[in-house]
Amino acid sequence: MSAELLPEPSRNGASSGDFARSRPRERTVQTAGQDAGASFLFGGDTANRLIAPEWPRLAIPMLLAPIVLGLLSFSVPNVLGLVLVLAAATAAHFSKIAIRLEGDRSLETGKRMALMGLSVAVPMFLFGSAMGIMGGTGQFDWFHCLSIVATMALLATVIQSGRLVSVLASQVAIWAGVTCVASRVGGFLALGLGLTIATVTYLRQRKIDLLLREAAETNQRAQTRAQEILSDYEETGQGWFWETDRRGQLTYVSARVAETIGRQVDEMLGRPFSELFNLTEQSGEGERTLAFHLSARSSFSELAVRAAASEEERWWSITGRPTYDTFNNFTGFRGSGTDLTEKRRSQEHASRLAHFDSLTGLSNRFRMSQTLEKILLAPQVHHRACAVFLLDLDRFKQVNDTLGHPAGDALLKQVAQRLERVVGKMGRVGRLGGDEFQVILPGKIEREQLGHLAARVIESLSQPYSIDGSRVMIGASVGIALAPDDGMTSEALIRNADLALYAAKDGGRGRFHFYAADLHSDAEERRKMEDDLRDAISSGGLELYYQPVVQTATEKITGFEALLRWNHPEQGWISPSRFIPVAEDTGLIAQIGEWALRTACQDLAKWPENVRVAVNVSPLQFANPSLPVVVTSALASAQVAPERLELEITESVFLNDDEGTDQMFKSLKAIGVRLALDDFGTGYSSLGYLRTAPFDKIKIDQSFVRGATQPGSRNGAIIASIVSLAEALGMETTAEGVETLDELDLVRMLGCSHVQGYIYERPLSAMNAGARLSTGLMAIAQGPRSSRAARQSMLRKVVLDHGGHHYNAMIRNISQTGALIEGLWNVPAGTIFRVQLADNHVVTATCRWSNDDRMGVEFSLPLRLDEGGRIAAVAGRMAAASSDQDMIVQRKVG
């Protein structure tokens, strides 16, 4: 029976079965292609021999067996045993004749089985009988004889390894020979049992061979299917194949490739493989990599190359392996390729997303961080200088809350465009997230120039925006940090710029601030204040104080304004101008505002029916759609009539003039509460909102009241204009901050309907306010007839001249008529100085009092005021310095 050999795979192009190999396959025998049961007879012998070529050598250990037994027992084996051993060894030795016959002649299986019986079974049976006789006569120990038999059986198994029928024949024969000596019946039983086992084993092996044949046929079908799939893969354009000869010239290429580069397949065959690609536009690394692999005859995988296509840019990913013939000679390359164009475009898009903000197109946080790191790690020290701007948009959250997030996104796009226009080529602009932007300006730039740039940025971003037909107003605050002055690492620089940004926002927003070392302590103080404020809210540490509002015509108390106060357990009374900004930035203002509303209503319920209370509403509260619900709940809980509650709203709520603002006013008026416009004239510049906003009262800010009685002040005209406007619109007016009798006379003369200030009463606790009301509603004005000239706090170096001697000193505050100066000790009263306030501006001053290093001086002539009511001699320098220093901003809180 002969075995079938696998045919050599076809070498015709892409259908070749050994396309992916780099070396030729060895010719192998398809075992499963043999007749069923053949492996039982022949094992893995490719010559299909039943008898192993080494079998004749078994005669040697057979002859040695009796010698070993004689040595172990010191006796000579009997004659019959020796004769049988010699007969077995002779039969084994002459089995080489049977081996030659089996190999040289095409014998039938039955004859070959007979030869195997004579050559294998007979010698083993004779040897087993000999060992049985030697052990049965008692001449040798049975244990030794059986050990010899087992050893010989093992040797036969090893020699006939893989030929299962020969192994079974040798095993059954040798043990049957032993058994026949001991018991003939047992011997025959052993022979029968051996034949039975051989038959069962043969049938089992035949079943296994059938299964192997089926598996081989399945594998052949799978190979055929794989070839068809590869053909479909090539024809549908999902991929392509190529092959070159040893000189690098194409011997096969898919039609899809030739079509892509605009050539015919026949035209490409015999041309260099490199003509498929446009290597002139490759990066140097890619070109060298391809050339290296081709010259070094090494495999390469997924190498990106550009196709030699002229119409459009196409990229391929190619893979290749060298091929060798049966003598290990290099015959060329074979490989495959796939289209990489879309994947490359996707990678470029992903790379852009990783480095640029998807909404605005600006650099994102990652790219800005890379830019800053590159500057700070420059090899040359003088190249490490740069400036970092951190920008935060003021009132941006109100846009999202009122107009929605799509409007907020549109606003951010316009902000990005304006930023890029202002910064231009000076630096890189990026968006860090939300409404936070960053500008990096490389190189050393003077602070003055940076200040001008920051001012232009703020001015540009503060101009009105048009979003979906709505007019939107926002602002911007800028924090500035410089390298290497403010930090040598990106972390330190960003942290310090952030501190400067917080300082700018604390200074009133819409301004810029340079980093200073003391901002670290300010930040820590702010953090501690935030924690303490949270504790105060939860533990009831906040209080409401009430300042009376008096009707000018009757001098009767008509109501109170609720003012927020905080008595800190360690620091004492803390000004609202310090903790209200913290509450606004952290979002605590909403919780505080609701508490103030409810508390004011509870206190109002204890007062006479004709007394009102005014509560300030922050812009954040006003933007919250749930404000009408909170107001209604507070009134219902306290059982107070809605008209007794007055909500004071600042002009900043109109910065986003939209339907949400109008709807909020309608909802509040529907409840029945009164509405007052607070701090009128200090913020929003447009008066258009007064046409529709349903205000009951306009409150004149105290900045217009103070100094109104001073000669040359225009504040009185402004107050008169506001009163006329309010009367025309049917609204009341309240003048805030009235402290002197002449100010009271002025606002009464100008027609203000109500007055609020120290001239009548300072803010009272809830208990004291109730006690005050129990004495009646009449209010008596008590205070100085006129106030001293308005003073301006400042820190300014001046030079004092006395008798030709010059002294350096510092002005602490100044008014039209005098100043507080420190730096000279124990100056006698009446000493006259010449004070140089500014270039070409010298005044004469007389010391009126002194205490240690401080003294109060009176000017011989009053100083002139500018249009803003400031000292003209120092106003210019104060304005120039204000861009680098925090300005004191008074806030209305409640």
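User: Which residue of β21 stands opposite Lys697?

Analyst: In this predicted model, Lys697 stands opposite Glu732 in β21.

User: What makes β20 and β21 a pair of strands?

Analyst: Pairing requires at least two bridges between two strands. Four bridges join β20 to β21 (residues 732-736), so the two strands count as paired. They run parallel.

User: How do you know that β19 also pairs with β20?

Analyst: The same test of at least two bridges applies. Three bridges join β19 (residues 674-680) to β20, and therefore these strands pair as well. Their direction is again parallel, and Phe680 stands opposite Ile700 in β20.

User: Which residues of β20 point one way, and which the other?

Analyst: Within β20 (residues 697-700), Lys697 and Lys699 point one way, whereas Ile698 and Ile700 point the other way. In a regular strand the side chains alternate between the two faces of the sheet. All four of these residues are buried, which means that each has under 20% relative accessible area.

User: Why is β6 described as largely enclosed?

Analyst: Nine of the nine residues of β6 are buried, so the rest of the structure largely encloses this strand. Both of its faces are covered. Cys386, Val388, Leu390, Asp392 and Asp394 are buried on one side, and Ala387, Phe389, Leu391 and Leu393 are buried on the other.

User: How many bridges does β6 form with β8, and how many with β11?

Analyst: β6 and β8 are joined over seven bridges in the antiparallel sense; Ala387 has Leu441 in β8 as its bridge partner. β6 and β11 are joined over nine bridges, also antiparallel, and Asp394 has Gly475 in β11 as its bridge partner.

User: What makes β7 and β12 edge strands?

Analyst: The open sheet has five strands in the order β7-β8-β6-β11-β12, with mixed pairing. β7 (428-433) and β12 (512-514) each pair on one side only, and are thus its edge strands. The twist averages 20 degrees from one strand to the next.

User: Which helix lies across β6, β8, β11 and β12?

Analyst: Helix α17 (residues 490-506) lies across these strands and runs at about 145 degrees to β11.

User: Why are helices α19 and α20 called roughly perpendicular?

Analyst: Two packed helices are described by the angle between their axes and the distance between the axes. The axes of α19 (residues 576-586) and α20 (residues 588-604) come within 5 Å and cross at roughly 115 degrees. Angles of 65 to 115 degrees count as roughly perpendicular, and that description therefore applies to α19 and α20.

User: Which residues of α19 and α20 meet?

Analyst: Ile580, Ala583, Glu584 and Thr586 in α19 meet Leu588, Ile589 and Ile592 in α20. The residues of this contact comprise five nonpolar, one polar and one charged.

User: Which residues have the most contacts inside the largest nonpolar core?

Analyst: They are Val631, Leu645, Leu668 and Phe695, in a core of 80 residues. The largest share of this core, eight residues, comes from α20. Apart from neighbours within four places in sequence, Leu645 is in contact with residues including Leu597, Cys601, Val631 and Arg674. A second, separate core of 37 residues includes Leu50, Ile99, Ala156 and Val165.

Key. Residues are numbered from 1 along each chain as its sequence is written. This is a predicted model: local features need pLDDT of at least 70, side-chain atom pairs count only at pLDDT 80 or more; totals for chains, interfaces and linings use all residues. Side-chain values use heavy atoms; hydrogens and water are left out. Axes are lines fitted to C-alpha atoms, for helices over the stretch in contact, and angles run from 0 to 180 degrees between N-to-C directions. Angles under 35 degrees count as roughly parallel, over 145 as roughly antiparallel, 65 to 115 as roughly perpendicular and the rest as oblique. Contact means heavy atoms within 4.5 Å. Ala, Val, Leu, Ile, Met, Phe, Trp, Tyr, Cys and Pro count as nonpolar, Asp, Glu, Lys and Arg as charged, and the others, Gly among them, as polar. A nonpolar core is a set of buried Ala, Val, Leu, Ile, Met, Phe, Trp, Tyr and Cys residues joined through side-chain atoms within 4.5 Å. Buried means under 20% relative accessible area, exposed over 50%, partly exposed in between (1.4 Å probe, protein chains only).
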